[in-house]
Amino acid sequence: MTSGSAVAMGLRKYWPLIGLTLLLVLIVAIAALTGSTQLQRTVAEGLIKLIIVIGLYIFIGNSGVLSFGSITYMMIGAYGTAWFTMMPNFKKLSLPGLPEFVIEMQVDPMVGMALAAGLAAVVALVTGAMVMRMNGIAASIATFAVLAMFYTIYNNWERVTYGMSSIIGLKMYVNMYVCLGYALVALLLAFLYQISRFGLALRAAREDEIAARAFGVNVYAQRIIAFTLSGFLIGAAGVLHGHFLGILTVAAFYIPITFITLAMLVIGGQNSLSGAVIGAIVITTVIEVFRILEKGVEIGGAMIQAPLGIQEILLGIVMLLILVFRPTGIMRGREIPWPFGARAAAADVPAR
Amino acid sequence: MTIVLQIAIDAISLGSLYALTALGIGLIFGILRLINFAHGDFITIGAFALIVPSAAVVASPFIGAWPFWALIPAIILIVIVLALAAERIAFRPLRGANPATLLIASFAVSYVLQHVILLIYTGRPKSVDIGGGLTEHIALGELRVPVIQIVTIAVSVALLVGLAVFMRRTTFGVQMRAAAEDFHMARLLGVRANTVIALAFGISGLLAGVVSLIYISQTGMLSFRMSLQLVMVAFIATVIGGMGSLVGAAVGGFVVGIASVALQAVLPEDAALMRDAFIFGFVILVLMIRPQGLIITRAARQRV
Amino acid sequence: MRRSLALVAGLAVAAGAAFVTAVNAQDKPPIIIGQALDFSNWMLTYDGQPQRSMEIAVEDVNAAGGVLGGRMLELVKCDTKADREQGAKCGAEVVQAGAKMAAFSCDYDMGGPAALQFAQAGIVGISVCGSDPKIGVQGIGPYTFTMSTAANAQGYVLAEWGYSRKGWRRAYTLLDNSIEYDKSLCHGFEERWQELEGATLAGKDVFKQDDPSIAAQITKLKALDPQPEVLILCSYIPGGATALRQIRAAGIETPVLTSESYAGQFWFDSVPGLKNYYHGTHGNVYGPEAYTEEEKVFLEKYRKKFGEEPASDHVYLGYSMIQAYVKALEMAGTDDPAKVVEAMETFRDVPLLIGPTTWTKDTHIQVRRPFAFFEMADGKLKFIEKFAAEKAWDISKLKSWD
């Protein structure tokens, strides 16, 4: 085998990662070229959701177990960054229930990101260790119970989370480019995990749990590993969310965001990384197109305007249609195909 | 003593409402492995059918103004038709899809239904008063019990018994139980899938219609997200009870209803703020101790 | 001949004048006012009324020749869909459209993201009916205001009114702890109530907006001996109406006092035969016999434009917002936000449609505006009086953790 073909092999192995990276960069480049701040905000928002969806994919896609509760870690990440990066004066007055050293600290955003996402990962590890003992649907519902529990606690833990009231004053450093940077890191982590020994073991257990066990895979441990990594990324998305809006409210981290992100994953195809990415892009685009339609667009001199409130109905119908025609998602569990060479078809087999 | 009795009645009455909702969800889950998130919207639409479709601030009663002998069947019929339509349009094409796909489909159905209500009726809550006499209360010795609580309990018990008889004594019932335990095997043994599934949705719609009526008699208010909490609790109940087991769903409903009333009664005010955290903590605990739920069906036990 | 010459001259002058005005109108750009409000989702219940009345106010101002020497007002709308991300996007959108002042949603938590965009861009942001004091200097920023009265201050006025006008002494609060407004309301009430001579708190309890049943709370309430003389319900519609229905169904006929969040009469069907019900809110849209002249004129315009009665008194807040802004523009003589804010901070009992309005350097919310009180009579709200609390709520208590 020549070194050239070895490079091609490597390229092909990493092609999903490269291809998806190029896709995201392309989207951001287009948004930058249009110069529309609205579009750039939409892309930034979409990228934050994309990071959540990638996080969901790492656990759900690889393990086959649904998690309804992963938004918990987004909330923990978002409040974490508030705890670690806001001014000590504010915390002394408004969040006096925090430990003394947390009140006193004020780290810069990057460190805050690492600490907050780390905190989310630790909580994911602990809750995951409890929940992953269960099987299938019981585990899914238990993750939802975790979300509901944390949601109630954060809503009422006034001295630490400011209760139901919003925390204001997070540094608004997040824009489209920051989001792109983190999205690419998330993509990389998800891909490396998926081709790692751990990812492969978990995927094996997804296909046939008994056989995987027989081959010595500790399914419980593998699920916890994936759940923790997933919690880390979703926590990071929470950090970005906080610094993007500049305002935090517990109410933002509950059922609507849970469902829209799960819908992105499932519609794209939960069994592949490409599915997760494509799902997030497609749904974000559909929402934005209908929103523009609701505001009214001029086509050939005629003003076309959809009635207010129709956007959501159309979105629901589009989601249903996609599911009916592609029950396994847009990507059908495959990665994006290798576009070059005669053996293109070979890359079109389902991901390992 | 009186207060304990009173709390017991509160608990059983709330438990009945949860049990009926849980049963509607459990029935569909048992057969299709579909967590029907849209079940709550069936309940909501049954309730909205009581008033004239309009964005007006003050709602005018529509079916809600009919005499009860017409009102009750009309609402139940509407919800049954809706449930059957949802099955035909959204869920039948997805038969055999994995649970995640089914769940998201039911979420999409729910999302569409909610926003249709929002578009027609606006997000402003509406009021309607049905079952005027039900807001009265009667004296039972020292107790003063609202009639609605007694009606809720009576109707639930009647429906549960009726359903149990149907399931055990009729051919369709036996087929449905077989399908709930092992759909694949049941089909091999000649159970017709379309009939059984349509029947399950019909019964689930009937239960949702009844819940609509009871719920609205109790609350008097309509809003497009009115059933969210109810359905969330019912899911939890179904899981605690044991997914796939109808008895389990009913038991789970009662357990959650009774637990939440008991916690509300016992917890001091500060801790009562955290009531739901205790309830969900309890759910996790139950699932850790008995991951298959309280009532374990044979099919569930056989799975790995 | 001379006559026709005069005519020609006259025409020329008229044409010249018309030309001059046209040039003037072109010279003077409109003043753009943003509306980052909910136009289609559930917050519409709260945002819809002020949003409509802002339109009426803008028409009024423009019909009277505009402001700052003939500049017209122009509204730019963006639908936030009761969604936070969408709200932030709307905030950025109306800023980009050139708004120097913009309205945001009633609720602090929902309106916050848009308000922060206004604050970042350095334009004036005014909440149509947010009652959280953190809207202003203490939270979102120095350019942010609200038309409403602080929730704690609303608790104060309810307490004083019940104490002095109804003679109640034993109160019971039932708190729906699902939103911040209700927590602050009950907190304010309890704080002021316990300062009043001889007034006691018979007890308190909590429930949640979407609890299907509050039977357990009712059972606890019924077991009290002696029974309270008044129930304060800190909740909102629909859950609040549901709670009241269940309270009455359980045979508890104790007087009930509610505030702003129970606004409107549309929910009365849910509590058949409601009696012993008292309601305090910003203004009067329910008692025609007590309308002021300004209210009559405004309501007539509202009916004409929208073909129905306003659903709640929040409708006055939107109109008052434009009144306040126009006044501040005239005081400042410019639309420069910094100058306008300075002018707004000098407002002392400025008479607006909603009532006398005061803003100061550190208080961008009302703490002592009179409330309109009503009682239930024949299935309708009957106006009793306007009443202001003696003691103003102190905004520096905002961050007290007792």
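How many Å separate the centres of domain 1 of chain C and domain 2 of chain C, taken over C-alpha atoms? The answer is 29 Å.

A word on the model: it is predicted, so local features need pLDDT of at least 70, side-chain atom pairs count only at pLDDT 80 or more, and totals for chains, interfaces and linings use all residues. Residues are numbered from 1 along each chain as its sequence is written, chains are lettered from A and ligands numbered from 1 in the order in which they are written, and side-chain values use heavy atoms, leaving out hydrogens and water.

**View 1. The two domains of chain C.** Domain 1 takes in 27–149 + 290–357, and domain 2 takes in 152–281 + 371–399. These bounds come from an automatic or database domain assignment.

**View 2. Where the domains of chain C touch.** Here 15 residues of domain 1 are in contact with 17 residues of domain 2 (heavy atoms within 4.5 Å). Together the domains bury about 1300 Å², 57% of it on carbon and sulfur atoms; that is accessible area (1.4 Å probe) lost on being put together, summed over both parts. Pro133(C), Gln138(C) and Thr149(C) supply 34% of what domain 1 buries against domain 2, more than any other three residues.

**View 3. A salt bridge in chain C.** Look for the side chains of Lys386(C) and Glu295(C), which meet at 3.6 Å, N to O. The rule asks for a side-chain nitrogen of Lys or Arg within 4 Å of a carboxyl oxygen of Asp or Glu, and it finds one such bridge across the interface of domain 1 and domain 2 of chain C.

Terms used
Buried area = accessible area lost by both parts, 1.4 Å probe.
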